[in-house]
Amino acid sequence: MNYLTATKNKKYLMYISQNYSYAILRPLQAQILAYGGEVRWFLAGSEVNPDFLTTNEQRLHTIKDVKSWSPNITFIPGNIVPSFIPGKKIAVFHGFNSEKRSSEGNRGHFTIRGCYDLYCTQGPNTTTRFKELAKQHGFFKVTETGWPTLDPLFSNTSNNPYVSDDSRPTLLICSTFSRKLSLAPKLYEQIKHFSKQGKWRILMQFHPKMPTEWVNKYKALSSENLTFIETDNVLPLLQAADVMLCDTSSVLLMFLLLRKPVVTFCNQKPLPHLLDIIDADEVEAAIEHALTKPSDLMQNIESYCQELHPYTDGQSSQRVLNAANEFLQSNEKLKPKPLNVIRNFKMRKKLNYWKW
């Protein structure tokens, strides 16, 4: 059924703690506003920059403000949200399942922290597992919707600042921040060589938690061949590049959805849709091979994308909004969520909110 019209006059909170969350939730915000709903933003913690808010976006500064506004639904692209935030709590994820593990040794993407009422999943390869977990725990529901942040990925952008008339192939280099997984410390000499060689036009973008020392080292390589970019929206970068060099960062999965090849360095799970390299001296040849788009690799990428995120219509935000409204209106009785006493205490301390 279509629950989009139920958006009118309802209140939707965007609860974020990282800068990349702006791009994740803005396509969803656009749909809410188009259907007559209200949107406010709450910025939790010091790692999210309020300067990224546009003049048309309204911020709630304190938990008191949030509780006073009393949202019907709260959308969260992070791992946790305190129980004292009002509204049905909807998980929309901050990335794909990149096969990393949590600090507890669990599959991080599927760790159930007892915070959410509804998970809006991205595709079959995560929906199946989350539905199994929903049956096991009983305190949340699952609906497959696709991922809102990708809606603009599947539309043409006429003003992409990273598109160039440079005739060279464009190489996008991305990396996660974990020293164990990051290519940044391991491929510095190779990338420095690429920046001097000039064979490719290189764009670089790191996870916002990347250690400053490595950000500064790579910024120092900036030249007519290499541009280091800090942004809250990676999608235009993905659209502008021909091939990606990455490690185990989930951003590579978004790049694959454009049916473009990815060379990975020491990926944790190097399946056939990736060109994985474990020897730094072989990276250059692997990039050259990827640029030829070999047919077997491209077929593997297509098969993988159908499981990861089969939606290319740019309408995932509508599906998320529809699922959230349906869940709100159904008023379905679920088991109580865990109390999460320790986690909620830590969140109260972090947000300096002590009212009960």
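**Notebook: contacts, core and surface**

I started at Ser317, whose side chain reaches the backbone nitrogen of Leu28 at 3.4 Å. I note that this is a predicted model, in which local features need pLDDT of at least 70 and side-chain atom pairs count only at pLDDT 80 or more, while totals for chains, interfaces and linings use all residues. Residues are numbered from 1 along each chain as its sequence is written, and side-chain values use heavy atoms, with hydrogens and water left out.

**Ser317**

I found Ser317 in helix H10. Helices (H or I, at least four residues) and strands (E, at least two) are DSSP runs, numbered from the N terminus. The bands I use are buried under 20% relative accessible area, exposed over 50%, and partly exposed in between (1.4 Å probe, protein chains only).

The side chain of Ser317 also makes a polar contact with the side chain of Asp151, at 2.7 Å. A polar contact is a pair of N or O atoms within 3.5 Å; within protein, one must be able to donate a hydrogen and the other to accept it, and residues adjacent in sequence count only if both atoms are side-chain atoms. I then listed what Ser317 touches, leaving aside neighbours within four places in sequence: Pro27, Leu28, Gln31, Pro148 and Asp151. Contact here means heavy atoms within 4.5 Å.

**Thr145**

I looked up Thr145 in the loop between strand S7 (141-144) and strand S8 (170-175). Its relative accessible area is 1%, so Thr145 is buried. Apart from neighbours within four places in sequence, Thr145 is in contact with Cys120, Thr121, Tyr311, Ser316, Arg319, Val320 and Ala323. I also checked Thr145 against Arg348: they are 203 residues apart along the chain, and their C-alpha atoms are separated by 32 Å.

Thr264 sits in strand S12. At 0% relative accessibility, Thr264 counts as buried. I found a polar contact of 2.6 Å between the side chains of Thr264 and Asp276. Not counting residues up to four places away in sequence, Thr264 touches Cys246, Asp247, Leu252, Leu274, Leu275, Asp276 and Ile277.

Cys266 is in the loop between strand S12 (262-265) and strand S13 (275-277). I noted its positive phi of about 55°, although Cys266 is not a glycine. Cys266 is partly exposed, because its relative accessible area is 32%.

**The core**

Which residues touch the most other members of the largest nonpolar core? I read off Phe75, Ile191, Tyr218, Leu238 and Met244, out of 115 residues in that core. A nonpolar core is a set of buried Ala, Val, Leu, Ile, Met, Phe, Trp, Tyr and Cys residues joined through side-chain atoms within 4.5 Å. I followed up Met244: beyond four places in sequence, its contacts include Leu171, Leu172, Cys174, Leu238 and Val251.

**The loop between H10 and H11**

I placed Leu339 in the loop between helix H10 (316-330) and helix H11 (341-351). Asn340 is in the loop between H10 and H11 as well. Leu339 counts as exposed because its relative accessibility is 71%, whereas Asn340, at 18%, counts as buried. Phi of Asn340 is near 50°, a positive value in a residue other than glycine.

Leu339, Val341 and Ile342 form a nonpolar patch on the surface, with about 370 Å² of accessible area together. Patches are made of residues with over 30% relative accessible area and no salt bridge; like charges are joined within 9 Å, and nonpolar side chains (Val, Leu, Ile, Met, Phe, Trp, Tyr) within 5 Å. Accessible areas come from the Shrake-Rupley method with a 1.4 Å probe; for residues, only the protein chains shown count as cover.

**Salt bridges**

Side chains of opposite charge can pair when their charged atoms come close. I took a salt bridge as a side-chain nitrogen of Lys or Arg within 4 Å of a carboxyl oxygen of Asp or Glu. By this rule I have eleven salt bridges.

One of them joins the side chains of Arg40 and Glu38 (3.5 Å, N to O). Arg40 is buried at a relative accessible area of 14%, and Glu38 is partly exposed at 30%.

Another is between Glu230 and Lys219, with the closest N and O atoms 2.9 Å apart. This pair links distant parts of the chain, eleven residues apart: Glu230 in the loop between strand S10 (226-228) and helix H6 (235-240), Lys219 in helix H5 (residues 212-219). Glu230 is exposed at 59% relative accessibility, and Lys219 is partly exposed at 34%. My last entry is a network in which salt bridges that share partners join Lys199, Glu284 and Glu288.
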